[in-house]
Amino acid sequence: MEIGIIGCGSIAQTHLRVLRQLHFEKNLHFCDSDISRAEKFSSTNGASTVYSDLDELLSIESLDCVHILTPLPSHA
């Protein structure tokens with residue numbers, strides 16, 4: 001299963017913990033507008049790929065599930 005984590009702030013760690021409990025910790029793709037935050041999150045949590053642009057992530061990866069973990073006003 002290919003999973004996208006959009007937004008690598010503090011709540012992302014909680015989502016990742018649950019994904020691991022469900023054994024979905026492989027094939028993760030992290031995206032954050034702050035690429036350094038996405039890279040840091042990936043270095044401690046592992047990801048198949050890291051992106052700073054959501055459109056790029058969606059155009060390259062074939063995702064089965066996306067966790068949108070950005071501030072509520074940005075969800076649209």
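The largest pocket has 14 lining residues, and Gly-7, Cys-31, Asp-32, Ser-33 and Thr-70 sit nearest its centre. A pocket here is an open set of 1 Å grid points, over the protein atoms alone, where a 1.4 Å probe fits, with protein on both sides within 12 Å along at least five of seven lines; lining residues have an atom within 4 Å of a point. By class, that lining splits into 6 nonpolar, 5 polar and 3 charged residues, with Gly counted as polar and Cys as nonpolar.

A word on the model: it's predicted, so local features need pLDDT of at least 70 and side-chain atom pairs pLDDT 80 or more, while totals for chains, interfaces and linings use all residues. Numbering runs from 1 along each chain as its sequence is written, and side-chain values use heavy atoms, leaving out hydrogens and water.

Now the cysteines. The count of disulfides (cysteine sulfur pairs within 2.5 Å) is 0. Cys-8 is in none, the nearest cysteine sulfur being that of Cys-31 at 7.4 Å. Cys-65 isn't in one either: its nearest cysteine sulfur, on Cys-8, is 15 Å off. Cys-8 is buried at 5% relative accessible area, whereas Cys-65 is partly exposed at 27%; buried means under 20%, exposed over 50%, partly exposed in between, with a 1.4 Å probe and protein chains only.

Cys-8 also belongs to the largest nonpolar core, 11 residues that include Leu-16, Phe-30 and Phe-41. Such a core joins buried nonpolar residues through side-chain atoms within 4.5 Å. Beyond neighbours within four places in sequence, Phe-41 is in contact (heavy atoms within 4.5 Å) with Cys-8, Ala-12, Gln-13, Leu-16, Phe-30 and Gly-46.
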